[in-house]
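User: I am new to reading models like this one, and I would like to understand where the terms come from. Could you take me through them step by step?

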Amino acid sequence: MAPIKFSVEKKIPNRLGRAGILECAHGTIQTPAFVTVGTKATVKALTPEQVKELGAEVVLANTYHLYLEPGDALVKTAGGLQRFMHWEGPTMTDSGGFQVFSLGAAYGKSVSKIADARAIGASDEENPQSEPAGKLVKIDNEGVTFKSVLDGSTHRFTPERSVEIQHNIGADMIFAFDECTSPSAPLEYQREAMERTHRWAKRSLDYHESKDARKSQALFGIVQGGRFEDLRKESAKYLASMNFDGFGIGGSFNKDDMYDSVEWVNGILPEDRPRHLLGIGEPADLLGAIENGCDLFDCVAPTRMARNGALYTLHGKINISNARFTGDFTKIDEKCACYTCTHYTKAYLSHLFRAREMLAATLASIHNLYFIVNMVKKIRKSVLDGTFTEFRESFLAAYQT
RNA sequence: GCGCAGGUGGUAGAGCGGUCAAUUACAACAGACUGUAAAUCUGUCGCCCAUUGGGCUACGGGGGUUCGAAUCCCUCCCUGCGCA
């Protein structure tokens with residue numbers, strides 16, 4: 001019996017996008033769905049009840065972080081991630097592949113996995129093969145050697161080790177170990193990293209299939225290839241030929257053609273398995289990605305932005321710390337039905353942020369997560385209703401003013 | 001009244017003859033954040049122009065010394081502590 005069951009309910013006409021149902025060991029997810037990020041087995045600033053109440057269906061934690069602290073063995077002893085963190089629903093873990101990037105090529109730099117066209121090349125002083133002092137990651141063909149961000153101690157991840165740790169953590173859906181690259185990495189390096197990711201995908205899958213965990217945990221392979229069409233398609237073809245339960249689309253994107261990249265890949269990946277776009281989550285990005293065939297998304301943006309005072313509204317983001325909100329007794333978003341908006345004003349949120357009160361992070365996180373999670377739910381409904389295009393147009397018209 | 005210690009930018013508090021429009025912190029103002037090294041980071045922060053840069057007014061008030069003073073001297077005002 002397969003660890004997950006995915007079925008497509010309805011498609012967007014002439015597009016790759018679809019609405020579906022994903023059944024996993026600890027619950028059902030209606031796709032497309034936004035996956036809340038709980039890196040260290042907690043959605044920062046929120047209790048699981050709050051996460052559930054705002055509408056989230058699934059939480060994604062991180063292998064690297066939980067391995068370092070408190071250790072995957074302890075999570076296993078606790079009864080797995082779901083019991084340990086008291087999240088009564090589906091869970092996922094990322095493989096640690098993103099940390100290959102964030103603690104490696106991106107370490108100490110301002111690069112993110114999204115670049116705009118002008119930035120690529122301009123900031124291309126880095127050579128991915130060089131090892132600047134301070135980097136915490138060393139990549140070789142067998143795996144990756146890490147220095148702990150907590151104490152500097154040295155650790156090693158291989159595909160087998162990453163999957164073994166993810167078995168111990170016990171999430172419903174886990175990811176193959178991959179290498180997330182910098183958007184400024186040149187074609188030759190993207191190819192090298194992609195091919196390495198492919199070899200690691202096979203090793204992750206072979207290891208997974210040799211263990212009992214395969215019965216309850218789904219393994220997703222990760223498509224790479226940076227912003228290059230031929231690499232993306234090659235990667236999708238390679239992974240599609242393998243026996244993964246679902247697919248992740250990872251790595252770096254060019255802001256301007258991210259939707260194209262997603263379309264290249266999803267046009268090749270099998271329709272009957274879920275596709276998770278890793279790390280993507282701004283409103284416009286979600287619309288574009290869903291239209292082009294993605295089912296799942298995770299992103300730190302809603303919670304991180306929230307803690308930093310940036311709040312989503314139907315008319316774009318606002319910074320609640322701005323002076324103009326100190327005496328503004330209206331809601332963050334007049335049409336929002338979240339707990340925060342039903343009980344508090346901008347003036348109060350403004351005060352909490354200025355006073356550095358902990359509740360600021362909680363109320364802001366509830367609002368932002370509600371905004372994104374429910375935006376995706378509305379998109380899902382529009383797909384089912386056949387009104388996706390209208391929804392997209394009206395949303396973007398309001399949001400981008 | 002006498003003695004001592006002080007009065008510096010929104011606040012606290014450095015500076016103690018030139019490199020001072022003045023270290024630093026906080027506050028303020030704005031920006032960034034996309035598989036979380038993140039309750040973080042960046043920029044601005046006397047006034048007026050300017051791209052580097054330039055001009056003006058400033059370190060309690062007033063007056064001096066000096067080529068040059070937030071920095072030294074005199075005086076006045078104010079604050080704190082001690083003594084009458």
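User: How do you know which parts of chain A are domain 1 and domain 2?

Analyst: The bounds come from an automatic or database domain assignment, and for chain A that assignment gives domain 1 as 34-257 and domain 2 as 307-399. This is a predicted model, in which local features need pLDDT of at least 70 and side-chain atom pairs count only at pLDDT 80 or more, while totals for chains, interfaces and linings use all residues. Residues are numbered from 1 along each chain as its sequence is written, and chains are lettered from A and ligands numbered from 1 in the order in which they are written.

User: What makes residues of domain 1 count as in contact with domain 2?

Analyst: Two residues are in contact if their C-beta atoms, placed from the backbone, lie within 7 Å, and 10 residues of domain 1 are in contact with 14 residues of domain 2.

User: What makes a residue one of those that surround RNA strand B?

Analyst: Its C-beta atom, placed from the backbone, must lie within 6 Å of the strand; 50 residues surround RNA strand B, and the closest are S112, C180, G279, V300 and A323. Helix 5 gives the largest share of this surface, 6 residues, where a helix is a DSSP run of H or I with at least four residues, numbered from the N terminus.

Note on methods:
Helix = DSSP H or I, 4+ residues; strand = E, 2+ residues; numbered from the N terminus.
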